[in-house]
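Hi,

Here is the model I promised to pass on. Have a look at it first, and then read my notes below.

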Amino acid sequence: MGEKFDLHTRLSELGLDLPPLRPKAGNYLGYVETGELLFLAGQGADGWIGRVGADLGLEQARTAARDCMLNLLAQADDALGGDWSRLVTAVKVLGFVACTEEFTQSPAVLDGASDLLVEVLGSRGRHGRSAIGVQSLPLGFAVEIEMILAVRPRPAGA
Amino acid sequence: MGEKFDLHTRLSELGLDLPPLRPKAGNYLGYVETGELLFLAGQGADGWIGRVGADLGLEQARTAARDCMLNLLAQADDALGGDWSRLVTAVKVLGFVACTEEFTQSPAVLDGASDLLVEVLGSRGRHGRSAIGVQSLPLGFAVEIEMILAVRPRPAGA
Amino acid sequence: MGEKFDLHTRLSELGLDLPPLRPKAGNYLGYVETGELLFLAGQGADGWIGRVGADLGLEQARTAARDCMLNLLAQADDALGGDWSRLVTAVKVLGFVACTEEFTQSPAVLDGASDLLVEVLGSRGRHGRSAIGVQSLPLGFAVEIEMILAVRPRPAGA
């Protein structure tokens, strides 16, 4: 992944489209960059509503997690101004799955996001993670994911 | 917001009081500063007990979230020794709402905290955020919020 | 705690064993180090399965939290290559307890982890924390904990 890396191109090779930036659900920003860390706000995935283990099955939830990651990548692309040579490495994913009390496969759900991140970014996409099953998520989302990336400072004059 | 910014004064302009530091609920610190980040431990709000959607309505929950943010600001003021010229920017808010399975308005709840942060700190109060609905919180709190701020190092000799 | 600090020795003084690294439950890393922060992925504790307040009592849950911290320390030991002189300080613990709606003692549960961290690392083990009660955790774990440590860069040539 050199300086020529283009997220749209890479996603289209995988048969995927980069989604537009989702509107915020409240008074917050999609990302804040500070020092050499880029903190991305939690992203859900439109169209995947309900509780995993009741309204959605595992495969649907994995797709929801993948779509959350597409939304996170869109935010990161915006933060980086498309310049992915600034990416040092993915750092940390924190994923929440709205689910029944009996559902304990949140790691398998989150792999839908983690697999995509590594497919898109290669070794620089590898990351630490926690997966948590929760009561409810904003707008009824089945999955919500936030992420931290390590980035190089913007080049002087850019 | 120059070097003369005083949190007590700013809050009183908004008709609010800075609360005293809450006692810890366990063996942990209210904040840890490292590098150029200030990590604030989760804060609840006394008096707002129960589950949103059952015991509390949306407006009560928004006030609870605001009060959590007041407690976070009190911790940050303590960490900064009152010197808010050290603040670079708010970075990230992670907010948990104890709620019923049906309640999906956690972003509207968290706006109670986010709105206050921006009212108090201006553009430096803008932040990324995730909102999560959960089963239960410490001491029965309806809302709990943790936060990361970016700060300048303490001046030499201070 | 000087350069000679050895985690195995310190734990054996406390009557505890350092566990082997647990296998990952998905496509992620146990830790990522970046800048001067070490982000440790969420760790559960094998053998402690179920919901606190129903299947497990408070003391069992405290032991589960302690065992999660042992797993985190094992990951940190691996990340540091055993060189704990690189540790600056613990920074932040985020702990999740799978529990009933009525259970509100997650701070007492998490103290099982926090107490151990301070016993093992002394003043450098002190940390900020949030405790959250949730619906379900990976593999049915009763407790899951993630952690951030501040570390010095690896010595040149190491």
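**What I found**

Strand 3 (residues 87-98) of chain C is largely enclosed by the rest of the structure, because nine of its twelve residues are buried. By buried I mean that 20 or more other C-beta atoms lie within 10 Å of the residue's own, with exposed at 12 or fewer, partly exposed in between, and C-beta atoms placed from the backbone. Helices (H or I, at least four residues) and strands (E, at least two) are DSSP runs, numbered from the N terminus.

Before going on, some housekeeping. This is a predicted model, in which local features need pLDDT of at least 70 and side-chain atom pairs count only at pLDDT 80 or more, while totals for chains, interfaces and linings use all residues. Residues are numbered from 1 along each chain as its sequence is written, and chains are lettered from A and ligands numbered from 1 in the order in which they are written.

Back to strand 3 of chain C, which has two partners to talk about. Strand 3 runs antiparallel to strand 5 of chain C, and nine bridges join them; here C:V97 has C:V143 as its bridge partner. With strand 4 (residues 128-134) of chain C the pairing is parallel, over seven bridges, and C:K92 sits opposite C:G128. (Two strands pair if DSSP finds at least two bridges between them.)

Elsewhere in chain C, strand 1 and strand 2 pair in the antiparallel sense over four bridges, with C:E33 opposite C:L38. Their hairpin has two residues between the strands, and C:G35 takes a positive phi near 55° there.

**One chain as a whole**

Chain A has three helices and five strands, in the order α-β-β-α-β-α-β-β from the N terminus. Its radius of gyration is 15 Å, close to the 15 Å that the globule rule gives for 158 residues, so chain A is as compact as a globular protein of that length. The radius is taken over C-alpha atoms, and the rule is 2.2 Å times the number of residues to the power 0.38. The C-alpha trace of chain A spans about 50 × 35 × 25 Å along its principal axes, and 58% of the 158 residues of chain A count as buried.

A contact here means C-beta atoms, placed from the backbone, within 7 Å.

Chain B can be laid on chain C by a turn of 120° and a shift of 0.0 Å along the axis, with an RMSD of 0.0 Å. The two copies are thus related as by a three-fold rotation axis.

What touches what? In the B–C interface, 24 residues of chain B are in contact with 30 residues of chain C. Strand 1 (31-34), strand 2 (37-43) and strand 5 (143-151) of chain B each supply at least two residues of the chain B side, and strand 2 of chain B gives the largest share, four residues. That side has 13 nonpolar, nine polar and two charged residues. For the classes, Ala, Val, Leu, Ile, Met, Phe, Trp, Tyr, Cys and Pro count as nonpolar, Asp, Glu, Lys and Arg as charged, and the others, Gly among them, as polar. Only 12% of the interface residues of chain B are also interface residues in chain C, so the copies meet through different surfaces.

In the C–A interface, 24 residues of chain C are in contact with 29 residues of chain A.

The largest nonpolar core has 166 residues, and A:V97, A:V143, B:V97, B:V143, C:V97 and C:V143 have the most contacts inside it. Helix 2 (residues 58-79) of chain C provides the largest share, eleven residues. (A nonpolar core is a set of buried Ala, Val, Leu, Ile, Met, Phe, Trp, Tyr and Cys residues joined through C-beta atoms within 7 Å.) Leaving aside neighbours within four places in sequence, the contacts of A:V97 include A:V52, A:A61, A:V109 and A:V143.

Finally, C:D111 is in helix 3 (residues 106-121) of chain C, and counts as buried because it has 22 C-beta neighbours inside 10 Å. Beyond four places in sequence, C:D111 is in contact with B:G26, B:N27 and C:R62.

Cheers

How values were computed. Two residues are in contact if their C-beta atoms, placed from the backbone, lie within 7 Å. Copies are superposed by least squares on the C-alpha atoms of residues with pLDDT of at least 70 in both.
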